[in-house]
Amino acid sequence: MPYSIARSRDEAHLYLDLNPCACGSAGTDWDSGLASAEGELVTCYEGRCAACGAEREYLFGLPEREVTPTGYPTFGGAEPSELLDPGEWMWVADLTAGNVPEGPLSEGGERRQALSIARAAVEEVIKFVPPGQDEVPEEAFWSERGRAVRAAEPGRFRLDRLLVVRDTYRELAGA
């Protein structure tokens, strides 16, 4: 059974945060390590839900090439995500940018971190635009949340708009 690939620790943790326990809590202290599942080497995340105590486990495939962190956050390499579709990445960007704390833009501060997450999430959306195309294709959206975000405003997934939004977050973060 092929497992969806987590390209980096940051991507795996974001996915885990977006997929809470059956009780609704995302609060879990995760332990991770390599494991073998059905003869395949995987990354295993295990933990106990902080709210209800349920045991939780997720298995992710390993990327072909190790992703070297290039700053905060590093979600993945040049290829699109297998864990989150472009609508989910846009939802993350919107949620994060909508909750940027007030105050000065200090090195490593919460404001800079939030804007960096929003920028990186938009960069992940851009990875779904096929070479030579000018927008994310409809078939790239596989999740309920992702399809809902696209349906609300499909024009947001045009490459020209994505680049403007990404650059704006980059400028606001002072990067």
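These legends describe close-up views of a predicted model.

Local features need pLDDT of at least 70 and side-chain atom pairs count only at pLDDT 80 or more, while totals for chains, interfaces and linings use all residues. Residues are numbered from 1 along each chain as its sequence is written, and side-chain values use heavy atoms, with hydrogens and water left out.

**View 1. A three-stranded open sheet with antiparallel pairing.** The strand order is β1-β2-β3. Helices (DSSP runs of H or I, at least four residues) and strands (runs of E, at least two) are numbered from the N terminus. Two strands pair if DSSP finds at least two bridges between them. β1 (31-37) and β3 (55-61) are the edge strands, and each pairs on one side only. On average, neighbouring strands are turned by 35° against each other, direction ignored. Axes here are lines fitted to C-alpha atoms, for helices over the stretch in contact; angles run from 0 to 180 degrees between N-to-C directions.

**View 2. The hairpin of β1 and β2.** Seven bridges join β1 to β2 (residues 40-48), and the two strands run antiparallel. D31 has E46 in β2 as its bridge partner. A37 has E40 in β2 as its partner. Two residues lie between the strands. In the turn, E38 has a positive phi of about 55°.

**View 3. The hairpin of β2 and β3.** β2 and β3 also run antiparallel, joined by seven bridges. C44 stands opposite L59 in β3. Six residues lie between these strands. G53, in the turn, has a positive phi of about 85°. In a regular strand the side chains alternate between the two faces of the sheet.

**View 4. Helix α1 against the sheet.** Strands β2 and β3 are touched by α1 (residues 9-18), which packs on the sheet. Contact means heavy atoms within 4.5 Å. The direction of α1 makes about 140° with that of β3. Buried residues of α1 are E11, A12, L14, Y15, L16 and L18. Buried means under 20% relative accessible area, exposed over 50%, and partly exposed in between (1.4 Å probe, protein chains only). The cover over these residues includes β2, β3, α2 (86-97) and α4 (144-152).

**View 5. Y15 and Y58, one of the aromatic pairs.** The structure holds eight aromatic pairs. Rings of Phe, Tyr and Trp (its six-membered ring) pair if their centres lie within 6.5 Å; planes under 30 degrees apart count as stacked, over 60 as edge-to-face and the rest as tilted. The ring centres of Y15 and Y58 are 5.9 Å apart and the planes stand at 85°, so this pair is edge-to-face. Y15 lies in helix α1 and Y58 in strand β3, so the pair ties together parts that are 43 residues apart in sequence. Y15 has 18% relative accessibility and counts as buried. Ring pairs link Y15, W30, Y45, Y58 and F60 into a cluster.

**View 6. F141 and F157, an edge-to-face pair between loops.** The centres of these rings are 5.0 Å apart and their planes are at 85°. F141 sits in the loop between α3 (110-126) and α4. F157 sits in the loop between α4 and α5 (159-173), 16 residues apart from F141. F141 is buried at 5% relative accessibility. F157 is buried at 0%.

**View 7. G87 in helix α2.** G87 is buried, at 0% relative accessibility. Leaving aside residues up to four places away in sequence, G87 touches F141, G146, V149 and F157. The charged end of R145 sits over the ring of W91, 4.0 Å from the ring centre. A charge sits over a ring if NZ of Lys or CZ of Arg is within 6 Å of the ring centre and within 35 degrees of the ring normal.

**View 8. Cysteines without disulfides.** A search of the whole structure finds zero disulfides, that is, pairs of cysteine sulfur atoms within 2.5 Å. C23 is in no disulfide; its nearest cysteine sulfur, that of C49, is 3.6 Å away. C23 is partly exposed at 41% relative accessibility. The sulfur of C52 has its closest cysteine sulfur in C21, at 3.6 Å, too far for a bond. C52 is partly exposed, with a relative accessible area of 44%.
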